[in-house]
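Welcome! Please take a look at the structure below, and then follow the notes on its sheet and its salt bridges.

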Amino acid sequence: MARHLKPLVQRWSSRVFSVELDGAPLYFGIREKLRGATVLPAVFSRLQKEDRCYSLLVCSWDRIRGDRFHWELRDKLLKDLPPGSDVATMSSFLPDEKGSLVKGYFFKSKAENSPLIEGILSDLEHTDPVVVCSYSQSEDGQQWTQSLWSHAEKKQMKFYVVPSEAPKHHPSALNMINSDVFYSLDEACDVLKKCGDIIPETQSVLRMLPSRVDARRKPDFPVIVIEGLDATGKTTLTESLRDTLGATLLRSPPQCLSTWRARFDREPPVIRRAFYAVGNYITAEQICQESAKSPVIVDRFWHSTAAYAIATAVTGPVSNLPHDGSEVYCWPSDLLQPSLVVLLTLDPEERTRRLRNRGLMKTDEEQELDHNKCFRDRVEEAYRRIIGPLCITVDASPSADLVLQQVLLLIRAKCHL
């Protein structure tokens, strides 16, 4: 076992394991000794007697390398494993301990496939960042054990699988800062700089960076950001506000990054999020320049970047989000703050109807919005919780003219235009 994995294994029995099934995390723990009968954890209670289970956790000391390996590992498992293996997202963590989260995959298979699967896993176990576990059940099916593989030591450490309560914080919530959501330009740039040898396009992106002179300077004219899910009417409203107020209209991510968006959308979250974070700072420089001459309307800004990232990292119901007032909702200290942020909301059925009329290419997250109510709810709630400039919610159901008039009233009241 690699040297950097030893601290992880030394506290192995203190860790909690989470498996994502049907869009929600199911938890279990492990014990070196079993005292009395235990209830079977939900992850294992739905399995058949002939099923065998396995897990892979990616524990690289290099988070860029580890995230890319984890991202590519799912495709490899889906390609190599026998049909019906049901690969699910998994993580392991120490409760309430920041930086302890490791990600991986959990899957099951029939016993007759075990030689094939264990051959695949044995090859992967030689790969530095991977920790492999197998799970087997007792004859009566009432108890499962976890075997932690150790190729270097040529043995397996065995533990009893036991139930575990849901943690106080969703495991991703404690590992989100400057990983899923970036709070400074330096942190985002650091990730992109480390990708230069594997993603040549990062050099072009970094050349677009602002000078950061007066990046937090208060704008001369008001800056109004319009936020909301797709098909809530942002484009119509922002263009109407531009014409009515004689304002400049900007969009985030900025047009200058459009060439590389598809490339970075294929990357794992930490790289993709860093790319979009940098886009906010480029937009902020554009805002500084344009707000010296006229009001500025911005179609999406940091709220969108953060809300989507938080809602993607945290699964399950809205209650799994970081608590209201958490530091994850705080506005970056080095990023320009708008004068007003308007969040357009729309009845889900009406939004779906509007989406049917669109034939545009969508990101994975936008497709997820279309069919996953829990995800939509998490995104909208994350929008509302962001601290900095708060979002003022406006119902986008009425006609475009009525929505425009309502937003103009807000602008005149808040920005004195």
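An open sheet of 5 strands runs in the order S10-S11-S9-S12-S13, and its pairing is parallel. Two strands count as paired if DSSP finds at least two bridges between them, and helices (H or I, at least four residues) and strands (E, at least two) are DSSP runs numbered from the N terminus. This is a predicted model, where local features need pLDDT of at least 70 and side-chain atom pairs count only at pLDDT 80 or more, while totals for chains, interfaces and linings use all residues. Residues are numbered from 1 along each chain as its sequence is written, and side-chain values use heavy atoms, with hydrogens and water left out.

- Strand S10 (248-251) and strand S13 (391-395) are the edge strands, each pairing on one side only.
- From one strand to the next, the twist averages 25°; axes are lines fitted to C-alpha atoms, for helices over the stretch in contact, and angles run from 0 to 180 degrees between N-to-C directions.
- S12 and S13 run parallel and are joined by 5 bridges.
- Val342 has Ile392 in S13 as its bridge partner.
- Helix H14 (residues 400-415) packs on the sheet and touches strand S9 (223-228), S12 and S13, where contact means heavy atoms within 4.5 Å.
- The direction of H14 makes about 155° with that of S13.

**Salt bridges around Arg68**

- A salt bridge is a side-chain nitrogen of Lys or Arg within 4 Å of a carboxyl oxygen of Asp or Glu, and by this rule there are 21 salt bridges.
- Arg68 forms one with Glu72, with the closest N and O atoms 3.8 Å apart.
- Both residues lie in helix H3 (residues 63-80), 4 residues apart, which is about one turn of the helix.
- Arg68 also meets Glu267 in a salt bridge (3.0 Å, N to O).
- This second pair links distant parts of the chain, 199 residues apart: Glu267 is in the loop between helix H8 (258-265) and helix H9 (269-290), and Arg68 is in helix H3.
- Arg68 is buried at 18% relative accessible area, Glu267 is buried at 4%, and Glu72 is partly exposed at 46%; buried means under 20%, exposed over 50%, and partly exposed in between (1.4 Å probe, protein chains only).
- A network of salt bridges links Arg68, Glu72, Glu201, Arg263 and Glu267.

**A link between two loops**

- Lys98 and Glu327 meet through their side chains in a salt bridge (2.8 Å, N to O).
- Lys98 lies in the loop between strand S4 (88-93) and strand S5 (102-110), and Glu327 in the loop between helix H10 (302-313) and strand S12 (340-345), so the pair ties together parts 229 residues apart in sequence.
- Lys98 is exposed at 56% relative accessibility, whereas Glu327 is partly exposed at 42%.
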